Structure formats: C-alpha cells, structure tokens
Amino acid sequence: MQRTSLTVLAAVVLVGATALTGCSSDSGETANGKTVINYWNWDPNMVTAMGACVSGFEKANPGYTVKISRYNVPDYFTKLTADFTAGNAPDVFQASGQYYPTYIAQHQIAEIGPLLKKSGYTNDFAKGIDPVTGADGKTYGLTVDWNATGIYYNKDLLAKAGVTDAQIQDLSWNPTDGGTFGKVVKALTIDENGKHGNQPGFDRKHVKTYGFQLMAPQDPNGSQTFSSFAGALGWKAGDTFPYPTEIPYSDPRFSQTMKYLRSLSDDGYAPKIGEFGTNTSVEDQLTSGKIAMMIQGSWDVATFSGNSKVNVGVAPLVKDSQTGNRLIQGGGDLEFVWQGSKHQDAAYKWLTYMTSGPCQQAAAKANPAFFSGIPSVFDSTAKQVAAKGMDISAFSSYLQHGLASGANYSNGAGLQTAVVPVFQQYWEHQIGDSVFKQLQEKSKQTIGQK
C-alpha cells in the first residue's frame with residue numbers, strides 16, 4: 001500500500017534547509033563547487049522527514065548537496081516520465097508499486113544489488129521492511145520507512161455506546177454475522193432519533209452516525225477496505241508474490257467478504273457511495289461524529305493525534321473469528337536511483353543514507369508521521385505521539401510481529417482503471433457476484449499487457 005492521496009498546488013523545492021522557488025531536474029547539476037543530488041517525491045511528510053537528514057548527510061559527505069523536490073501526484077508521474085524521455089530525470093526518486101515495475105522494464109531504474117554487496121550495506125530494519133526487488137529477482141531500490149493501516153475510532157462515541165477500548169482492540173470478524181466487529185459497528189451506529197443499530201426501531205434510512213466507513217474499494221487490492229477482512233480469511237491479492245499474474249477475485253472468500261461489506265451500506269451501518277461530498281475529508285467524518293470508526297493509514301497518526309476536536313484511538317485490524325489470523329500488510333516509501341544519473345555513486349550514497357540510523361532518528365524527530373523501520377527509533381515516535389494523547393501500540397505490535405509484503409502489479413495504473421469502476425457498480429447493485437470471475441480474468445489480461 002502506498003501513500004498517494006496527497007495533493008499539492010505547486011512544486012516545493014528544498015536545497016539543504018533552504019526553500020526555493022522553481023526547480024531544475026538536471027542530474028549533472030553542480031552548485032558552489034558541490035555535486036547536487038536531485039531527489040523527488042510527492043509526500044510532504046517525507047519532505048519534512050528527509051529534509052531533516054540533509055545537513056547530516058552533507059556533513060558526512062562535504063562534496064555533495066541534496067535538493068529535495070515535491071510535486072502533486074498527477075504532475076509527479078507525468079513530469080517524471082517526460083524527464084525520463086528527455087534524459088533529465090532526478091538522481092533519486094520515489095515511486096509506487098503501480099509504476100516502478102514498468103520503470104524497471106523500461107530500464108529507467110538502476111540495479112543497486114552489486115553496490116549494496118560491494119559496500120557491505122546493512123540496516124537495522126524490522127522483518128518485512130525489505131529492499132525492492134524486480135520480477136527478475138535483482139535489487140533495484142530501498143524501502144525507507146514503513147506504513148500499515150489500522151482502525152481509527154472516535155473514543156467519545158465508543159464510550160457513549162458502551163464499547164470499551166479492550167473490545168475495540170481485539171475485534172474478530174466473519175462473513176456470516178460479522179463477529180464482534182459486526183456487533184460493535186451496530187452498537188456505534190445511531191439514527192436521527194437516537195436509536196442504535198442494535199436496537200428495535202433503528203431507522204437505516206435516516207442515520208446520524210455510521211458505525212463504520214464506506215467500504216467501496218478505491219484500488220484493486222482494497223488496501224483500506226476489503227484486504228484486511230478477506231486477508232483474515234486467508235485470501236491473498238494475487239496468485240504469486242510479489243509479482244502476481246492475476247488477482248483471485250473469483251475465490252469464494254473474496255465474494256463473501258464483498259457481500260458482507262456491501263451489506264453495511266445496504267443496512268445503514270456505513271454510508272453509501274456519494275453520501276459525503278468531495279469536500280468532506282475522512283478526518284472530518286471521524287472527528288465530527290459522522291462516522292465512529294474507519295480504516296486509515298499509519299501516516300494519519302500525526303493528523304489525528306494533534307486533533308483538538310475529539311479523542312481518537314487506533315486499534316489493530318480485524319482477525320478471523322475462528323483462526324485468530326490477521327493480515328497486516330505493510331508498505332513504505334520506495335526510493336530508486338535513475339539509470340541515467342550522471343552521479344550514480346552520489347545518488348547511491350544519499351539513497352542508503354536515508355535508511356541509516358542518524359537519518360532515521362532525525363526524520364522521526366522532525367515528523368511523527370514518519371514511521372522508522374528501526375524498532376528503537378519507532379519507539380521514540382510512539383512516545384512522542386503518546387505525549388499528545390494517542391496510544392499507537394497497535395502499530396508497535398505490527399512492527400514487533402513483522403509485516404507481510406503487498407503485491408506489485410505490472411501495469412498497475414491500467415489495473416486501477418479497469419477494476420475500480422466495476423467495484424463501484426457492484427456496490428450500487430448494478431451487477432452481482434458473477435462479475436468476480438470476469439474481473440479475475442480482466443486482472444490477468446491487464447497485468448499481462450506489455
């Protein structure tokens with residue numbers, strides 16, 4: 001899962017600790033006699049975090065300076081592709097699982113495996129936060145931090161409904177009756193007359209507070225919707241990992257999951273598609289009392305922990321009612337060296353420095369939304385967030401037990417376009433369960449496109 005929800009109105013460029021206007025992506029650039037390492041990403045959290053690492057890197061490497069540039073997501077990939085073609089791309093750049101397999105196939109990403117071996121590279125990251133490999137098994141990039149999803153909840157609404165923190169921290173689920181998860185969702189749902197979803201007379205057509213978020217998928221693997229529910233049952237978002245050839249949507253465990261999650265909207269326990277306007281953010285939905293619980297990423301910790309409107313807690317994802325299994329799918333910011341860089345050695349130094357202890361410590365201190373892959377550094381983030389009133393031990397537990405890697409899809413952008421509109425049609429009852437077999441075949445065709 002990647003953080004791609006970010007929008008920015010203009011590019012932001014940092015050289016060292018100084019903000020500039022405008023940007024040059026020439027990988028052969030020099031400034032004041034120093035080699036400039038151009039580094040691009042789209043994430044303001046990473047700009048803050050990695051910006052805190054620049055001075056340490058430049059002190060350890062006096063012949064180099066780092067320029068960090070950020071663009072909004074649509075502009076980012078358009079500009080990156082254009083600069084690949086023009087031979088003017090950044091030395092180091094961030095890319096998501098939707099795109100980097102294609103960049104590898106286009107020979108735009110440098111293989112770093114030999115350099116890692118030659119330099120004796122190691123890091124202290126937890127299990128599951130691994131270097132990025134291609135379908136050929138070679139190493140092409142590094143994962144700089146980690147992220148995962150959890151269940152964020154309005155603590156005040158839970159208390160009013162008689163739901164305890166202990167209950168919310170240990171939710172079980174099954175597609176038949178919803179398990180303890182289903183019971184809690186009903187208890188937290190309140191209609192306009194004050195009736196809860198588990199009480200006689202509940203009016204599903206006039207709901208004031210929904211127990212859970214809209215679960216209509218916005219991506220092929222349901223990173224913030226169906227993945228943890230179907231995954232708890234043993235379903236996986238691919239036939240082989242980390243590079244699937246198709247997604248097994250026809251698996252009964254998947255269709256059972258989708259049917260249950262859709263029923264939450266049908267029965268008034270979750271909103272329907274389009275019920276909230278585009279101007280209503282997920283943060284507002286939770287803090288305003290419109291929704292009591294939702295799945296959001298670890299990157300939202302900084303937002304919710306600093307919120308003064310309401311007390312927000314975070315719990316682990318659901319587990320299977322029978323087996324107790326959970327699927328904790330991890331991701332992170334993936335960073336690569338451009339094959340055409342005129343300063344690959346310098347780019348490699350910056351790339352590996354981002355995963356070093358000094359950089360990870362500086363980044364975590366600068367921005368609590370940065371989750372270090374080094375457990376001891378992450379503990380300091382947890383304490384920093386706890387000082388603001390939020391317990392993130394749910395995420396600490398993930399890191400202790402290890403994270404499962406997600407799938408990387410060739411032609412991921414095409415897969416998104418092909419799959420998501422079908423999910424929305426299913427949610428609106430325009431199509432039925434039979435579509436999942438067709439969707440699986442569609443995923444195979446789309447992933448296999450060259």
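H429 sits in the loop between α17 and α18 of this predicted model. (Helices are DSSP runs of H or I with at least four residues, strands are E runs of at least two, and both are numbered from the N terminus.) H429 isn't a glycine, yet its phi is positive, at about 60°. With a relative accessible area of 45%, H429 is partly exposed; on this scale buried means under 20% relative accessible area, exposed means over 50%, and partly exposed is in between, using a 1.4 Å probe and protein chains only.

**Ground rules**
- Because this is a predicted model, local features need pLDDT of at least 70 and side-chain atom pairs count only at pLDDT 80 or more, while totals for chains, interfaces and linings use all residues.
- Residues are numbered from 1 along each chain as its sequence is written, and side-chain values use heavy atoms, with hydrogens and water left out.
- The protein chain averages a pLDDT (the predictor's confidence in each residue, from 0 to 100) of 90, and 93% of the residues score at least 70.
- Go carefully with residues 1-25: the pLDDT there is below 50, and the stretch has 69 contacts in the model beyond near neighbours in sequence. A contact means heavy atoms within 4.5 Å.

- N411 is in the loop between β18 (404-405) and α17, and it's another residue other than glycine with a positive phi, near 60°.
- N411 counts as partly exposed, at 22% relative accessibility.
- F241 and P242 are joined by a cis peptide bond, with omega about 5°; P242 belongs to the loop between α9 and α10.

**Helix α10**
- The 15 residues of α10 (252-266) should span 21 Å at 1.5 Å a residue, and the end C-alpha atoms agree, being 21 Å apart. The expected span is 1.5 Å times one less than the number of residues.
- D251 caps the N-terminal end, where one of its side-chain oxygens lies 2.8 Å from the backbone nitrogen of R253.
- Buried residues in α10 include F254, M258, L261 and L264.
- The buried residues of α10 pack against β10 (172-173), α8 (179-188), α9 (227-232), α17 (412-427) and α18 (435-447).
- Just after α10 comes G268, with a positive phi of about 90°.

**The β13-β9-β14 sheet**
- Three strands make an open, antiparallel sheet in the order β13-β9-β14. Strands pair if DSSP finds at least two bridges between them.
- β13 (293-297) and β14 (312-315) are the edge strands, each pairing on one side only.
- From one strand to the next, the twist averages 35°.
- β9 (149-154) and β13 share five bridges, and Y153 stands opposite M293 in β13.
- Helix α16 (393-401) lies across β9, β13 and β14, at about 165° to β9. Axes are lines fitted to C-alpha atoms, for helices over the stretch in contact, and angles run from 0 to 180 degrees between N-to-C directions.

**Strand β17**
- In a regular strand, side chains alternate between the two faces of the sheet.
- In β17 (334-337), L334 and F336 point one way and E335 and V337 the other, and all are buried.
- β6 (92-94) pairs antiparallel with β17 over three bridges, and V92 stands opposite V337.
- β8 (139-143) is also antiparallel to β17, joined by three bridges, with L142 and E335 as bridge partners.

Key:
A polar contact is a pair of N or O atoms within 3.5 Å; within protein, one must be able to donate a hydrogen and the other to accept it, and residues adjacent in sequence count only if both atoms are side-chain atoms.
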